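Here is a short briefing on one protein structure. Look at the sequence and the model first, then work through the topics below.

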Amino acid sequence: MYSSIKSHSVASTCGQVNPTNLNLGRLLERPYESAYAVLRRLLSANPGVSFGKVEIILRNMVPHCASTQERLMALPSAFHERVYFSREYLHDSYRRQCSSCALELYHSDIYALSWMECCPLHHCEFTTVCPQCGEPWPDLSNIAKRNCPACGPVSLRQITDVVLPTVRKQDYQPIITLYALVRQANADTHIIIRDPDDCDFNWRISHQKVDVSLKHFASLQARRQKQLTSAQLASLGAYVSEVHVRHAELKPAIGNFLLTDMQYFRLPARILTLDEMTAEDERQRRDDFEIMQRINRWIARHAPGRHVVHIDTYRYLDLNYFVWAPTACPYCLAVSVWFFHVAIKRLGYDIAQIIDNYPFFTQGGLDKLINTCDPEVLVDNLRYYVDDAFASWFYRRGLEVMFLDIIRFTFAMIDSIDGEKQAGKQCYVEPFANRAFDAMLYAVEIEDSHMNYYYTTESPLEEFRPPRLAGGSSLCRTYQLYHKAAKHNRPFKPVGRISRGRFDLDDFLTLTECFFESIQGK
Amino acid sequence: MEQTNNDYYEHPVFHPNRLRLQTRAMQDLSDEIHRWLWTGSTGGLITGAARVGKTTALLDLSSKLKTRAGVTIPTYYVSIPQRDQKTIVSVFRQLCWSAGVTSTVQARADHLSDSYIHHIADHAIESNCWYAALIVDEMQHLQPLQINAFAELYDKLRLVGISLTVIFVGNDQESSPLIELIGKPNYAHIRGRFFTQGFEFHGLTNKHEVQTCLAQYDTLHYPENGPTYTGFFLPEAAKQGWELSSLSRDVWRVFRGYQSTYNIGSWGMQYFTATINTLLSDFLAHQGVDQFDDDMVDECIRVSSLIPSLVHAAR
């Protein structure tokens, strides 16, 4: 493929004119250069030759490639090794550069990744603007037009006086190490990310290609590969976060699936007691309680004044209700919605779908609530369950994350409503995305019948800092008093209150019974 | 396999550019150039009579230049054409053109110079050899000022870590004015750099060298797995063990006659190969080896144009 490019025998240079020969500037070749860096040294090695002409020659030299970037990366090099990056990074990676590297005619695609906080070679911050001329870094088609030593082609004089002496002393091992980190991830077939919005009811962990752009990517890979410490990762300029891992044993799920599905079509006459439940259901109920306890303690620490949580049904309310009524307490609203969502699962899928259909949710732009359950693991289209310890941990974590998404939504919604109230308009709230899950990296690797589950935040709820409420401690009380005295057509029934400092399992079960009675209209 | 007419006339004997005979002079030239390269010489001058075989020898040698460690040295060749305007930019342009380096019509001298430097640097990295040799043929067409272009190349390549040796090649008589001019004090920097080493390239100078060349007709094969050159044209004679090199004494004796008469220094390879190729493919092939005599050689030398060209020079 490259025989037409150049030959260093005299026979090829004597008497043969090949106007498609292009100097490659290999004096300045470095490991893992981006297409941008390759083009910059190409233009420097062929002074006076325009970018358009270079493109034409490249098309002849490397005809099997579809784009200029691909052709540049396909040119012969002592260092080239393709590492997967999406087209998005290949196209835009030039926007983020190290100014010291730019003076040395160096740039790497890895600089564009969000988890790279500073240059691994010079430890200076990346910039989007050339510090020498003040212009944004040029794209491929504009490099040749620049007359700047940091962002345009450079003369041989500058190469020999400035660039080469630096290049020869520079150690590119940090770049090589970072690419090794990325390359191993791309070769791994078991890295898995779960998108809960894909599934209505069950969380399923299945195969998906790892996204190298994730903020916690470097920390996750370092943890998995056990090759780099956090200090080493930081010295490479990567964002460092704490990554935790839990282990689980996988058990084949054959035969259980049909039974599991069937239960959602049952219509029980009443909520079952703990003694009447299956072991799995009992465990989940206890997990529900434990997380609710945790939520209450968290609210006690963050809600203003001596806040008492009220569990009410907001089932029939639309968004305008919140506009015309006093501002709802986001804590009570969030806990109520969360509690209903958790409790309703005991009554089956169909009923849950009905109860969960809050008008103001849809109007507020929240499409659906995240569900939590024991996870299923899909490996090569075979289903597996996890051991009870992991299942319980995963279920409880899902409850916590679900609450986070709900309370973030309630704060956002109330904030929007307050603004609309002041303007006296009909309420419109921007669509809200469930992002608490996305903010916590979940990655899984499976080997034989064991699973390692990696995550970054040990306690998602504890790390959330709710915004300050306008209205302070009186807000909740004002709202509760208003509804006690208000008359309206739709039923609005409080289900219960949670006393400060005391909430045990019996309280939880009582609350659940009240909820059941509430939806039955008792 | 039956030989077609086309195959027959594809023989190197009918294509002098493809015929490569190794001579003592070529070996001496190789030794000399290697000495220049291995002692760090920046350049040298090779002269010789017209048509003596300098260019052919250098082209053949260029792919065989090696460092002391046995690494092949990238070698570049440029032939300087005769031009009305002799400028430095024209030298760089010719260099880039000969190497196939992309350039534009409006390119300045420094652009062309830098492009050529990068061309050499790329090859140095690909071959992992930080030496380079540049053969500048027809150097008599240069002006002294233009030789500064090669000094510039040398200096720039030194900055990137490459040692360049420039080998100038020219005809004896035509190069003399330029060499005399370079001998003046104001060109001391050029003379000191490129013209302190010299080598005079000769053609065949004795019977032994003629015999060495004729013996190659008895050993080279065409096609590769086919008969020798001698056997190709004289299959019956070759089968009986006859060799072309057996004629070396007679061939040299006839040439000696012309050499004395016309004061010829050495037998230029162009004329020698023309003589022998005609002798082998036309006379001996049709008349047979038994009919060989001095008249045959005479006629072949006449056909080779040795006499018309040298009589003109002798005047």
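Helices (H or I, at least four residues) and strands (E, at least two) are DSSP runs, numbered from the N terminus. The structure is a predicted model: local features need pLDDT of at least 70, side-chain atom pairs count only at pLDDT 80 or more, and totals for chains, interfaces and linings use all residues. Residues are numbered from 1 along each chain as its sequence is written, chains are lettered from A and ligands numbered from 1 in the order in which they are written, and side-chain values use heavy atoms, with hydrogens and water left out.

**Strand pairing in chain A**

- Two strands pair if DSSP finds at least two bridges between them.
- Strand β2 (residues 244-252) of chain A runs antiparallel to strand β7 (residues 450-455) of chain A, and six bridges join them.

- Rolling a probe the size of a water molecule over the atoms shows where empty space is left.
- A pocket is found on a 1 Å grid over the protein atoms alone: it is an open set of points where a 1.4 Å probe fits, with protein on both sides within 12 Å along at least five of seven lines. Lining residues have an atom within 4 Å of a point.
- Grid points are joined across faces, edges and corners, and a volume is the space filled by probe spheres set on the points.
- The second largest pocket has a volume of about 760 Å³.
- Its lining has 32 residues, and the closest to the centre are B:Asn17, B:Arg51, B:Gly53, B:Thr56 and B:Gln270.
- In chain B, α3 (54-62), β4 (163-171) and α13 (269-287) each supply at least two lining residues.
- Which element gives the most to this lining? It is α13(B), with eight residues.
- The lining has 13 nonpolar, 13 polar and six charged residues. Ala, Val, Leu, Ile, Met, Phe, Trp, Tyr, Cys and Pro count as nonpolar, Asp, Glu, Lys and Arg as charged, and the others, Gly among them, as polar.

**Cysteines**

- A disulfide is a pair of cysteine sulfur atoms within 2.5 Å. By this rule, the count over all chains is zero.
- A:Cys119 is in no disulfide, and its nearest cysteine sulfur, that of A:Cys98, is 3.6 Å away.
- A:Cys119 is buried, at 0% relative accessible area. Buried means under 20%, exposed over 50%, and partly exposed in between (1.4 Å probe, protein chains only).

**A residue in helix α13 of chain B**

- B:Thr278 is part of helix α13 of chain B and is buried, at 13% relative accessibility.
- Leaving out residues up to four places away in sequence, B:Thr278 touches B:Phe283, B:Cys300 and B:Val303. Contact means heavy atoms within 4.5 Å.

**Backbone exceptions in chain B**

- Most residues other than glycine have a negative phi, and most peptide bonds are trans.
- B:Tyr222 and B:Pro223 are joined by a cis peptide bond, with omega about -10°. B:Pro223 sits in the loop between α9 (207-219) and α10 (229-233) of chain B.
- B:Arg51 is not a glycine, yet has a positive phi of about 65°. B:Arg51 lies in the loop between β1 (43-48) and α3 of chain B and is partly exposed, at 46%.
- B:Asn128 also has a positive phi, near 55°. B:Asn128 lies in the loop between α5 (109-127) and β3 (131-137) of chain B and is exposed, at 59%.
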